[in-house]
Amino acid sequence: MVGIVKTHAAVLRGRGQDWQVEEIEIDAPRPDEVLVKWSAAGLCHSDEHVRASDMGAADQHGPADRTGLFPIVGGHEGGGVIVEVGPGVRSLAPGDHVAASFFPCCGRCPMCISGRSNLCDLGAANFLPGQISDGTMRYHLDGEDLNVMSKLGTFAEHSVVHEASLVKVDPEVPLPVVALVSCGVTTGWGSAVYRAGVMPGDTAVVVGVGGVGINAVQGARMAGARYVVAVDPVELKQKTALDLGATHTAPSMEEALPLVTDLTRGRMADAVILAPSVVYGDLVGPALTLTGKGGTCVVTGVAPMSQKESSVDLFQLAMFQKELRGVVFGAANPRLDIPRLLDLYRSGQLKVDELITRTYRLDEINQGYRDMLDGLNIRGVVTFD
Ligand SMILES: NC(=O)c1ccc[n+]([C@@H]2O[C@H](COP(=O)([O-])OP(=O)(O)OC[C@H]3O[C@@H](n4cnc5c(N)ncnc54)[C@H](O)[C@@H]3O)[C@@H](O)[C@H]2O)c1
Ligand SMILES: [Zn+2]
Ligand SMILES: [Zn+2]
């Protein structure tokens, strides 16, 4: 039996600060929990929202704020190996390879049993302090309790997490690939395939081609779209999109407008997936303008919690029967779709290695996020020895 584990973790102490790598203590797993050793963690933009305090900022009024967000161990995109299981854990055993699941899935709540485990009721725990199992704290630094991003904390060598937050995966798949599929890949792919419902012959527009959006490009192509227009101001993103299935690119939605008008003879896109770094209210109107009659606009990117207003053409929304839809985790079911996408990776149909622009040590994590913000990475990945 492993007792208290000392491990290194990237901790955020407050709004706008850098990540600090600290030696922290994690208590042994209690009932329904496991100790996992992370091998790789993806640098998803959602952790940057926490750092920039788009999510749970001190002057905002989200649920995370009410419970005190900082200090917090970051990271929710991860692939690792189970070290030890606590009492009552039946689905996982030491040595199992696992993907993080930033929405836990209990398998029993109304959302899970209706095939929407990305909306599992246990996900409410993400906005509450302490562990999913019993609300008590497992992570400590110099006697202070630490919060944990998405109850996962993949920016640490080890984590103690609820078994519902992990998905067992094929041990032959490299763990950095597992990490990317655990959030960015499935979120983007599912946004196009499940939430926008891209069909053969469709025109799809993906706005924001980072670690998430590039997979909406891959999903739209795989679903048989005739045109996939990738919109991003950064040249590397446009080039990568063309390599991975986009047929056209544009640097902005404004410049995509005449292109999509031309390609569709004015009918506009069947699907628009909005996945930029940060969603602001003024991005939704242009995205809906790119959306055609009967089309679907999916908002995948995360808005600041303070962003409450957006202006859309309501006349067109009704008369052109457009749909505006939110989405979390690509409307995918973690236990079904993570292994399924990893199989598509193994068969060569889904590209994931190509998305890992650069790997970093944990103590280079601030550089990794700077590179993301500077547009240098499709995805940066922290790897642990
Ligand atoms: N809904 C979910 O379940 C879910 C899950 C994961 C991530 N996200 C969110 O998705 C968004 C994207 O995440 P990511 O990790 O891919 O980020 P990223 O930083 O890797 O990529 C964002 C991309 O958007 C581009 N961009 C920024 N503003 C733009 C604009 N106005 N028009 C076109 N392109 C623009 C940037 O150049 C960049 O390439 C973030 O908001 C993230 O929090 C949502
Ligand atoms: Zn993510
Ligand atoms: Zn559930």
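Predicted model: local features only at pLDDT ≥ 70, side-chain atom pairs only at ≥ 80, totals over all residues.
Colleague: Which arrangement do the 4 donor atoms around the zinc ion (ligand 3) make?

Modeller: The zinc ion (ligand 3) is held at 2.3 to 2.4 Å by the SG atoms of Cys106, Cys109, Cys112 and Cys120. Four donors count as tetrahedral if all angles lie between 85 and 135 degrees. The angles here are 105 to 115°, so the arrangement is tetrahedral.

Colleague: What spacing do the donors of the zinc ion (ligand 3) follow along the chain?

Modeller: The donors are Cys106, Cys109, Cys112 and Cys120. Of these, cysteine 109 and cysteine 112 are both buried. Along the chain the spacing reads C-x2-C-x2-C-x7-C.

Colleague: How many residues apart are cysteine 44 and cysteine 183?

Modeller: Both coordinate the zinc ion (ligand 2) through SG, together with NE2 of His76, at 2.0 to 2.3 Å. The donor spacing in sequence is C-x31-H-x106-C. Cysteine 44 sits in the loop between β3 (33-42) and α1, while cysteine 183 belongs to helix α4, and this pair linking distant parts of the chain is 139 residues apart.

Colleague: Are cysteine 44 and cysteine 183 buried or exposed?

Modeller: Buried requires under 20% relative accessible area, whereas exposed requires over 50%. Cysteine 44 and cysteine 183 are in one class, and that class is buried.

Colleague: What share of the area of ligand 1 does the protein bury?

Modeller: Polar atoms approach oxygen atoms of ligand 1 from the side chain of serine 46 at 2.8 Å and from the side chain of aspartate 232 at 2.6 Å. The backbone takes part too, with an N or O atom of valine 302 at 2.9 Å from a ligand oxygen. Taken alone, ligand 1 exposes 870 Å², and the share buried by the protein is 89%.

Colleague: Which element gives the most to the shell around ligand 1?

Modeller: The shell has 30 residues, with His45, Asp232, Ser277, Phe329 and Arg379 the closest. By class, 17 are nonpolar, 10 polar and 3 charged. Two elements give two or more residues, α1 (45-52) and α4 (175-195). With 3 residues, the element that gives the most is α1.

Colleague: Which side chain makes a polar contact with the side chain of asparagine 377?

Modeller: Asparagine 377 lies in the loop between α11 (365-373) and β19 (379-383). The relative accessible area of asparagine 377 is 4%, so this residue is buried. At 2.9 Å, the side-chain partner is tyrosine 360.

Conventions
Residues numbered from 1 in each chain as written. Chains lettered and ligands numbered in written order. Heavy atoms only, no water. Donors = N, O, S within 2.8 Å, 3.2 Å for Na, K, Ca; no water. Tetrahedral: all angles 85-135°; square planar, octahedral: opposite > 155°, others 65-115°. Buried < 20%, exposed > 50% of the residue type's maximum accessible area, 1.4 Å probe, protein only. Near = heavy atom within 4 Å. Polar contact = N/O pair within 3.5 Å; in protein donor to acceptor, adjacent residues only side chain to side chain. Areas by Shrake-Rupley, 256 points an atom, 1.4 Å probe, with all protein chains shown as cover. Helix = DSSP H or I, 4+ residues; strand = E, 2+ residues; numbered from the N terminus. Nonpolar A, V, L, I, M, F, W, Y, C, P; charged D, E, K, R; others polar.
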